[in-house]
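I hope they are handy when you look through the coordinates yourself.

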Amino acid sequence: MSKPAATPSLKRHAKRARTMFKLINYYPPLIGAGIRVVDHNEESTRIVVEMKLTWWNKNVVGTQFGGSLYMMTDPFFMAILMINLGPDYIVWDKSAAIRFLKPGRGRVRAVFEIAPDEIAQIKAAADDGPKVEPVFTVDITDDAGQVIAQVTKELYVRRKDRSRA
């Protein structure tokens, strides 16, 4: 489908977002957990995050600490929508759930992606109503591609010029 129209304001917002992706790896909570953004596309619709197993994020049984696994998923769906919807929209994480499926014994990875047509649908819904609450799921995988955890995130999106709902 189509990509959201790029207004001058949205272009400036996207440029700031690309800078954010370069700097986010220096954010102390992510450094402490060993979490790194390792890739993102030009459109900021896809972000790849990795976390190596280190003594900073190891639990008492020697596997990835569950809190760190969740933390590596925390801001990224929200960031994709904030970047692509632009400054005229409010985007918040509303709720989250994590299912631990098997122990993480090494490096783990999560790929966050929202298709441009889905972003356009969310924008249209926010433009037409007081709010929209999209739900996204991301798999956390190990180096063998095995899913070790699954995180579901519910977001809250509305136009800034609309009343709260």
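1. Salt bridges come first: searching the whole structure turns up 12 of them, each being a side-chain nitrogen of Lys or Arg within 4 Å of a carboxyl oxygen of Asp or Glu. Please keep in mind that this is a predicted model, where local features need pLDDT of at least 70 and side-chain atom pairs count only at pLDDT 80 or more, while totals for chains, interfaces and linings use all residues. Residues are numbered from 1 along each chain as its sequence is written, and side-chain values use heavy atoms, with hydrogens and water left out.

2. One of these pairs is R46 with E113, at 3.7 Å from N to O. R46 sits in strand β2 and E113 in strand β4 (residues 108-113), so this pair links distant parts of the chain, 67 residues apart. Helices (H or I, at least four residues) and strands (E, at least two) are DSSP runs, numbered from the N terminus. R46 counts as partly exposed at 27% relative accessibility, and E113 is also partly exposed, at 48%. For these labels, buried means under 20% relative accessible area, exposed means over 50%, and partly exposed lies in between (1.4 Å probe, protein chains only).

3. E50 belongs to β2 and R109 to β4, so the pair ties together parts that are 59 residues apart in sequence. Is E50 buried or exposed? With 11% relative accessibility, E50 counts as buried, whereas R109 is partly exposed with a relative accessible area of 36%.

4. Another salt bridge pairs E133 with K131, at 3.4 Å from N to O. Both partners are partly exposed: E133 has 27% relative accessibility and K131 has a relative accessible area of 34%. Elsewhere, salt bridges that share partners join E50, R107, R109 and D143 into one network.

5. Now the overall layout. The protein has five helices and six strands, and along the sequence they follow the pattern α-α-β-β-α-α-β-β-α-β-β. Of its 165 residues, 38% are buried. Taking contacts (heavy atoms within 4.5 Å) between residues at least 6 apart in sequence, 69% join residues at least 24 apart. The protein exposes about 9200 Å², with carbon and sulfur atoms supplying 55% of it; accessible areas come from the Shrake-Rupley method with a 1.4 Å probe, and for residues only the protein chains shown count as cover.

6. Helix α4 (residues 76-85) deserves a look. Nine of its 10 residues are buried, so the helix is largely enclosed by the rest of the structure. The buried ones are F76, F77, M78, A79, I80, L81, I83, N84 and L85. Just after α4, G86 takes a positive phi of about 90°.

7. Which residues of α4 meet α5? I80, L81, N84 and L85 in α4 meet I119, I122 and K123 in α5. The axes of α4 and α5 (residues 116-128) come within 11 Å and cross at roughly 70°; axes are lines fitted to C-alpha atoms, for helices over the stretch in contact, and angles run from 0 to 180 degrees between N-to-C directions. The two helices are therefore roughly perpendicular to each other, a label for angles of 65 to 115 degrees.

8. Two loop residues are worth checking. S44, in the loop between β1 (35-40) and β2, has a phi near 55°, a positive value in a residue other than glycine. S44 is buried, with a relative accessible area of 1%. Q64 lies in the loop between β2 (46-51) and α3 (66-71) and counts as buried at 3% relative accessibility. Leaving aside neighbours within four places in sequence, Q64 is in contact with M51, K52, L53, N57, N59, L69, G104, G106 and V108.

9. Finally, the surface. L23, Y26 and I31 make a nonpolar patch of about 360 Å². Such patches are made of residues with over 30% relative accessible area and no salt bridge, with nonpolar side chains (Val, Leu, Ile, Met, Phe, Trp, Tyr) joined within 5 Å and like charges within 9 Å. Y26 is placed in the loop between α1 (8-23) and α2 (28-33), and at 60% relative accessibility Y26 counts as exposed.

How values were computed: Angles under 35 degrees count as roughly parallel, over 145 as roughly antiparallel, 65 to 115 as roughly perpendicular and the rest as oblique.
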